[in-house]
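Let's take a friendly walk through this model, starting with a helix and moving on to some aromatic rings. Please keep the 3D view open as you read.

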Amino acid sequence: MWLLIPILVYSVIFLYIRHIYSYWRRKGFPHEKSSLRWSFIRNIYNREFHFSEAINSFYKTGKERFVGIYCFFRPVLMVRDLPLARTLMENQGGHFNDTKWDYVRSYRKYNLLEKLSPIFATTRLEAMFRNIEKVGEHLVNHLNLGPLVSISSTSTDGACVDMQQLLRIYSVNIIANLIYGLDIDVFKQNDSVFRHYANNSLRKSGFNSYTFNRLPIKSSLTYRLRDIVRKSVELREDGGTIRKDLLQLLVKFRNGNDIEVKDKLNWHIEIVFEREKVLSIKKMGRIAEHLLDNGMTTMASTAIFTLYELLKNPALMRKIQEELKRIQIQDTAVDKQKTQLKLMDLCIQETIRKYPSVPTIERTCRKPFPIPNSKHVLSEGKSFIVPLLAIQRDERYFQEPLEYKPERFLKDSNGNKGENFIGFGLGAKSCIAQNFVKLVVKYILVKLFLNYHMELVPTDDFDICYDDAPFIRSEAGLKVKLRPKVKFEI
């Protein structure tokens, strides 16, 4: 009798798993053949399984426009066809959403991402530019007072630094200043929670949020970051502090203030009663942590790989220097010259194509969606995934995809440019902070090029991989030799 109980339990589990892994077959979709292999289990156990690499490999194995796959116990539709991917991502009928931004619920669920898009408007970012400049000066001061303290501008030698780590700290410093509302220099604070965050390159937001929420406050990143948000919000609401940063606009939104960009920018907060506030402190903390997770990764990887590709290509580097020299004669202020940095813009765009900060884009279906030019319908609650890394390195859409060619985004004779480019997403669900990321990356690269001679130092263990965002897996990171130029203000 007792022997029948475990047999029954195992049978139920087996039938349940079999039911899940037959979903696409039952719905009549093209699908992968599901099987459980010991090699897969071994890779999971040894932490050698990389989701982005598996998706990229599977993308190349077939020709169907879309195919049903399984992300562990979750059926997901992978889109192989770029026109179909664009159709799904540009859909304006409210069929798809990014569920991690569903923080606000009233009589219906709506996506917070869309509500916050005005805080990243160009005019808002221009008003915050002085805070971005201060963080760039923190990086330069760190180099001048550290690795380069004993090196003169006339010296032919230089100091070797890990630019990957420095640009990660720069990126997290930007977020600490503009999203968490702190006027700090993370380069000087080795014990800072943000420095700890930047140093942990393998941090997984989902796993750590689950873990840290169950640890004491003294050892929890989540609680420590949330406490910073709470204190910063209190300064804005109770202390009347006004600071031109993203947190100020988030606090305005929390109090139901209008954050739309008007003719005159208004940074003042009209406080409402707690019961009338749109967001709680906990939800503000979750928003800030998502922006920290995604923003630091995107800014750092874009800056790192743009610098890497430019240093690899001396001819392209000379063109960048000539562009900076030409604009430098007219104006030395980066905030005024940023619109004139055409080649730099193309380089950043090409970096985002070749090294997208997220290898895949996933959206969840809100209501049944008939897939164009097919008899299939994607059901409510199911997701589709666009293998961004694989598509943007596909020869069908980009000639010589592994080559770094910024000129591919120049307008052709018909006025078209980069129509196959997805980058930060498409349509209403595209990344609302993409202009912010480009501005921050462009500024620090200009700052480095104007202040230093840089040379790439080859290393034996150099390897570029995704986990999930692109990073350089090497003991030395991105090793660059620096020596200072003649000083001048930017």
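Predicted model: local features only at pLDDT ≥ 70, side-chain atom pairs only at ≥ 80, totals over all residues.

Helix α12 itself runs over residues 221–237 and spans 24 Å from its first C-alpha to its last, close to the 24 Å expected for its 17 residues.

Now turn to the aromatic rings, which make twelve pairs in the structure. In one of them, the ring centres of Phe-29 and Phe-66 are 6.0 Å apart with planes at 65°, and because that angle is over 60 degrees, the pair is edge-to-face. Phe-29 sits in the loop between α2 and α3, while Phe-66 belongs to strand β1, so their pairing ties together parts that are 37 residues apart in sequence. Phe-29 counts as buried at 5% relative accessibility, and Phe-66 does too at 6%.

Another edge-to-face pair joins Phe-409 and Phe-421, with centres 5.2 Å apart and planes at 75°. Both residues lie in the loop between α18 and α19, so this pair ties together parts that are twelve residues apart in sequence. Phe-409 and Phe-421 are both buried.

Finally, look for charges over rings. Arg-80 lies over the face of Phe-58, 5.1 Å from the ring centre, and the charged end of Arg-275 sits over the ring of Phe-273, 5.1 Å from its centre.

Definitions and conventions: Residues numbered from 1 in each chain as written. Heavy atoms only, no water. Helix = DSSP H or I, 4+ residues; strand = E, 2+ residues; numbered from the N terminus. Expected span 1.5 Å × (residues − 1). Phe/Tyr/Trp six-rings, centres within 6.5 Å; stacked < 30°, edge-to-face > 60°. Buried < 20%, exposed > 50% of the residue type's maximum accessible area, 1.4 Å probe, protein only. Lys NZ or Arg CZ within 6 Å of the ring centre and 35° of its normal.
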